[in-house]
Amino acid sequence: MTEESGNSVNLIETESCAEPSILPEDHTTPFIRSQNEDWDLEGTPAEVVGRIIDEIGTTRRHLFIAILLGFANSVDAVEVTSFAYILTVVENPFTGKLVADDPLWSGLLTSAVYVGMLIGGIISGLNGDRFGRKPVLVFSMLVNSLFAIASAITTKLHQKFQLPWLLVCRFGSGLGVGGTIPSVFTLMAEISSARSRGYHVNVVAFFWMFGLLGTAILARCLLYDEYTRDYRSENWPAFAFVAGIPAGICATLSGIFLIESPRYLIIKGENAKAARSLSFLAGAANQNSVVREAILTLKERDTRNCRSFNENSSRNSFQERLKIFSEKEIQKTAILIGSIWFLLSFAGYGISTWIAEIFKRVKFDDPYAASILFALSSFPGNLMATLSVEKIGRKRLLVYSFGTGALAAFVFSLATDSKGLVLACVCIYQASITSCWNTIDAISAESFPSVIRSFAFGLMTAAGRIGAVTGNILNSVLFKNTSVGVVLAITGCSLTLASLAAGRLKDMTGRSLREL
């Protein structure tokens, strides 16, 4: 609690790792009272739930959920990056040449997953606000897994169907990946206190690195012969099959162990279910009745109003939610964040999807080993973002990270003949991009009201997918007709523009999530 509310008593005793109670400055009166006192909970149901979550702080249950959601984030990384390695070995069945050398098919195949992510992000974001974060997350991961595994049968098909089938599978996997991301970060943000929200979201984002690293190691084991220094193109279907399994495992675990967002449940009028989610987060069984009483005594009028909104939006969900974006402040926020997602995806995915090919062009003796170093370089970026996001603030961290990434890209573009300098620039670039992703994930998850949070996050990711598709199509042409340096110079320019946009964002560090 704040010092001004020193007469208040924190009645929710959580595990020993719980944070001290922290409240927004405009809530200096106690909102949790003993069971013998009358309840006087002001504000909308979602606001009250937010204050209770602030009161709970951080418990071991938050860590458990962060790890589970982090696993979901890592399997998305596996699917997004796995094709970067498949692209280096898969052949066009008609010409016998590598697909990477065919601008048309390489552009289509690398972009298919991002088109799927664009559509999947919007649809799942919308459904996440209608049906819940958890069911949409589980369904999306199942879709991801099924299409990824299905791509393994590509070489068993007739020649004329192989590349079209692979294209369909890449698109389907993209639908699943795009559907996962809004639910993962929305759910983590909605169960976290204002003081620890950025930290928790960064822990979830941290796991993307494990997906990158696991994929790089798996690719080197299956797709590269270290003795002959040659590529094993016949193994790519097995690689695709194995890469699709983690998503199915994570979907099963999430369906069993994950809780639903209490903010979402209270907006839907599901008071008892919201109380159970809060009780799980609080952890101390003998105090659960206090949390439950706080939820069940919410004003019925506010609950009815929220339920009415959701019943109406179930019939006309897309239009109803778009109306909320007519508010000037929300419009400005959406435009800025959407622009950053576009530019970051253009630069980030435009390079990461082609990283194995870049290392081949620079003539590394073992491009897969270099790719493993590229994945490992995400660690300092993750660590920096996780430790700094609550200390220096989201806005400053994002601006600094974009600036560092742009500088590395520009130096890289001028030094493609020096392998040592190239590797150093690539590692600095990847660390900076990782910090950017972690920070923008936190900003996107906390900048919109709960009633549209999942949908808004889906729209932001959709802007990112447009950037990713644009970057991949452009790079597929540039790699065929120009040098690596030109691609990297364009990447540096996009990161510079993103840094300028980040400087205009509102910093939500330490603030409660906004509610309508």
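Start by selecting helix α7 (residues 236–257), which gives the most to a nonpolar patch, with seven residues. Helices here are DSSP runs of H or I, at least four residues long, numbered from the N terminus. This is a predicted model, where local features need pLDDT of at least 70, side-chain atom pairs count only at pLDDT 80 or more, and totals for chains, interfaces and linings use all residues. Residues are numbered from 1 along each chain as its sequence is written, and side-chain values use heavy atoms, leaving out hydrogens and water.

Now show the whole patch: F64, F241, V242, I245, I249, L253, I256 and F257, with about 670 Å² of accessible area together. Patch members have over 30% relative accessible area and no salt bridge (a Lys or Arg side-chain nitrogen within 4 Å of an Asp or Glu carboxyl oxygen), and nonpolar side chains are joined within 5 Å. Areas come from the Shrake-Rupley method with a 1.4 Å probe. F257 is partly exposed at 43%, as that class lies between buried (under 20%) and exposed (over 50%).

Next, pick helix α5 (residues 159–190), where 23 of 32 residues are buried.

Then go to F207 and F210 in helix α6 (residues 197–223), about one helical turn apart. Their rings pair edge-to-face, 5.3 Å centre to centre with 70° between the planes; pairing needs centres within 6.5 Å, and edge-to-face needs planes over 60 degrees apart. F207 is buried at 18%, whereas F210 is partly exposed at 42%.

Finish with the aromatic cluster of F185, W341, W437 and F457.

How values were computed
Patches are made of residues with over 30% relative accessible area and no salt bridge: like charges are joined within 9 Å, nonpolar side chains (Val, Leu, Ile, Met, Phe, Trp, Tyr) within 5 Å. Helices (H or I, at least four residues) and strands (E, at least two) are DSSP runs, numbered from the N terminus. Buried means under 20% relative accessible area, exposed over 50%, partly exposed in between (1.4 Å probe, protein chains only). Rings of Phe, Tyr and Trp (its six-membered ring) pair if their centres lie within 6.5 Å; planes under 30 degrees apart count as stacked, over 60 as edge-to-face and the rest as tilted.
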